[in-house]
Amino acid sequence: MIERLKQFEDWARACIHVRCGFCRENCPAYSQLKLDSYAAKGKVTMLHHILKGTLEADAAVAERVFACTNCGLCDVACGYDQSRAIQQMKIALREYGVDIPEGYDRISTRTREMGNPYSADVSEGSEYLRSIPESRKQNAHYTLFLGCTQIYRDREGIALLLRILRSAEIDFQVLNEPVCCGSPAYRVGDESQALEQANSIKDLFAQSQSENVLTSCAGCYRMFSRDYPALLNGPPEFRTIHLTELLKEVVESGGFSLSPLDVTVTYHDPCHLGRHSGLYEEPREILMSIPGLTLVEMEWNRKFAKCCGAGGGFRSGLGEDAIAIAASRVREAEATGATILVTSCPFCLRNLRDGAESIGSGMEILSIESVLARSLER
Ligand code: SF4
Ligand code: SF4
């Protein structure tokens with residue numbers, strides 16, 4: 001544990017001496033749970049005392065540390081990469097044998113035992129994937145990787161996605177094995193399971209000769225493009241493209257014939273895609289290419305965007321709090337006057353929908369694919 005955390009010693013010391021607390025601003029864990037110990041400062045203070053030997057790493061520490069969506073807002077506020085320190089604390093606590101709160105631990109156990117964080121039937125998932133005509137295709141330019149949330153929780157979303165790719169005449173094949181990218185396990189500190197998933201994925205892509213991997217999930221995208229290079233000690237032998245990057249190119253080259261949509265929408269930046277990967281403008285350019293559509297911004301957008309509350313295992317660990325955080329983001333969206341809240345991550349989509357339902361909001365929560373499909377339909 002000490003070895004893993006030692007690299008953050010100077011940051012932690014600086015933090016406890018400056019006493020600024022900027023990291024509390026919009027931290028979803030602090031905003032919802034109201035105690036300083038849930039903000040980055042509290043977590044980093046615990047790190048400092050664990051290193052000094054004045055705090056025992058126990059279940060009470062784990063309860064505070066794991067209550068983090070890994071949104072990265074504290075990095076923006078602080079200037080230090082505190083979300084990375086917190087991620088390493090999760091890994092260190094797990095390796096040290098501390099009891100991990102059940103909801104977070106369930107994600108890791110399910111991935112280990114069932115191959116996905118939902119405990120879903122992998123053979124049924126495989127059968128479903130094999131029913132997609134493009135799963136029998138070979139040597140296509142893009143390999144579409146469908147993540148666990150899509151396969152087991154959002155098949156309507158997959159149907160829309162396939163329709164859009166076919167309509168744009170994209171040369172793609174679908175990976176027909178439902179293998180988790182490892183992001184859910186990694187975000188709850190299970191580095192060894194994440195590495196196992198990364199190796200399985202690497203082998204599958206090598207077997208299917210996939211050089212260009214396409215994903216519409218922000219979590220899978222960050223995992224492949226940002227986390228795999230560190231986990232695998234070098235960049236993987238495939239390039240990862242997020243759907244919004246590809247669709248922006250299609251839109252720019254006039255590849256869609258779009259009919260007017262007279263709507264006002266606002267866009268929620270998924271943390272994995274925005275703050276952690278820098279893709280802010282691509283989704284906005286796609287939306288603005290739709291004739292008649294007006295895009296308005298929420299008060300907190302792009303690198304300052306508030307988190308939906310779902311990530312880092314928070315939805316599994318503290319479900320009602322995750323939905324309350326999403327509800328607050330929906331309220332922010334309502335204040336713009338928009339009638340549709342758009343996002344580009346299936347996991348944000350689910351949590352924002354649950355948040356909207358919990359407050360009886362009339363706002364529609366749609367994926368970017370759904371909005372585009374409506375414009376194609378006319
Ligand atoms: S903003 Fe950074 S330095 Fe300031 S209290 Fe938070 S974690 Fe510490
Ligand atoms: S990563 Fe997000 S949830 Fe975690 S401490 Fe930082 S601001 Fe809070």
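Visitor: What makes the packing of helix α2 (residues 9-18) and helix α4 (residues 40-52) oblique?

Guide: In this predicted model, α2 and α4 pack at an angle of about 120 degrees, with their axes 9 Å apart. Axes are lines fitted to C-alpha atoms, for helices over the stretch in contact, and angles run from 0 to 180 degrees between N-to-C directions. Angles under 35 degrees count as roughly parallel, over 145 as roughly antiparallel, 65 to 115 as roughly perpendicular and the rest as oblique; α2 and α4 are therefore oblique to each other.

Visitor: Which hand does the crossing of α2 and α4 have?

Guide: The crossing of α2 and α4 is left-handed, a term for a near helix turned anticlockwise from the far one by less than a right angle, with clockwise giving right-handed.

Visitor: Why are α15 and α16 called oblique?

Guide: The axes of helix α15 (residues 243-252) and helix α16 (residues 281-288) cross at roughly 40 degrees and come within 9 Å. α15 and α16 are therefore oblique to each other, and α15 passes α16 in a left-handed crossing.

Visitor: What surrounds ligand 1?

Guide: Ligand 1 is surrounded by residues including Cys15, Cys20, Lys41 and Gln82, each with a heavy atom within 4 Å. By class, this shell has six nonpolar, two polar and one charged residues.

Visitor: How are the numbers and letters assigned?

Guide: Residues are numbered from 1 along each chain as its sequence is written, while chains are lettered from A and ligands numbered from 1 in the order in which they are written. Local features need pLDDT of at least 70, side-chain atom pairs count only at pLDDT 80 or more, and totals for chains, interfaces and linings use all residues; side-chain values use heavy atoms, with hydrogens and water left out.

Notes:
Nonpolar A, V, L, I, M, F, W, Y, C, P; charged D, E, K, R; others polar. Helix = DSSP H or I, 4+ residues; strand = E, 2+ residues; numbered from the N terminus.
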